[in-house]
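Hello,

Here is the structure you asked about. My notes follow below it.

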Amino acid sequence: VELVQTGGGSVEAGASLRLSCVPRGPSGTSYAMTWFRQTPGKEREFVATINWTGGSAYYADSVKGRFTVSRNNPGGAVYLQMDNLISEDTAIYYCAAGAIYGMNWPDQATWPSEFDIWGQGTQVTVSA
């Protein structure tokens, strides 16, 4: 499966953006989906994850209450709605799909090393 991202851009602080991540290609598996972000010189950082059913979500403290992750099941797009953006949200955002289920979610779904399937990344720039 391939993940294709859309959305992103440059906005002012306080604005909203919506990122999309669309799985393409044959897949008989429903994955847990996670959004990460990365800034130059830093490691990829966990943002939000949603389990394979779409029934549960988990967020980094830095985005809790401002970002919302959702998905269209089965096998559909995953979204990251970002509201009240701040300059610290500026980064390249990546979606990732992983076979993480049961008691392993959400902990393992916050580790980039657990994911083999990645989107191409999309830039989000927030000016103060």
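Two strands are taken to pair if DSSP finds at least two bridges between them. The model is a predicted one. In it, four strands with antiparallel pairing make up an open sheet, in the order E1-E3-E8-E7. Strand E1 (2-6) and E7 are the edge strands; each has a single partner strand, so one side of each is left without a neighbour in the sheet. On average, and with direction ignored, neighbouring strands here are turned by 15° against each other. Between E1 and E3 there are five bridges, in the antiparallel sense, and Thr6 has Ser20 in E3 as its bridge partner.

Next, the core. The largest nonpolar core has 35 residues, of which Trp35, Leu80, Met82 and Tyr93 touch the most other members. Among the elements that give two or more residues to this core are strand E3 (17-24), strand E4 (32-38), strand E8 (78-82) and strand E9 (91-98). E9 gives the most, with five residues. Beyond residues up to four places away in sequence, Leu80 touches Trp35 and Tyr93, and its other contacts include Leu17, Leu19, Val47, Phe67 and Val69.

Thr49 lies in strand E5 (residues 45-50) and counts as buried because its relative accessibility is 0%, the cut-off being under 20%. The Thr49 side chain has a polar contact of 2.8 Å with the side chain of Thr34 and another of 3.2 Å with that of Trp105. Leaving aside neighbours within four places in sequence, the residues in contact with Thr49 also include Met33, Tyr58, Val69 and Ala109.

Regards

Technical notes
Residues numbered from 1 in each chain as written. Predicted model: local features only at pLDDT ≥ 70, side-chain atom pairs only at ≥ 80, totals over all residues. Heavy atoms only, no water. Buried < 20%, exposed > 50% of the residue type's maximum accessible area, 1.4 Å probe, protein only. Polar contact = N/O pair within 3.5 Å; in protein donor to acceptor, adjacent residues only side chain to side chain. Contact = heavy atoms within 4.5 Å. Core = buried A, V, L, I, M, F, W, Y, C linked by side-chain atoms within 4.5 Å. Axes fitted to C-alpha atoms, helices over the stretch in contact; angles between N-to-C directions.
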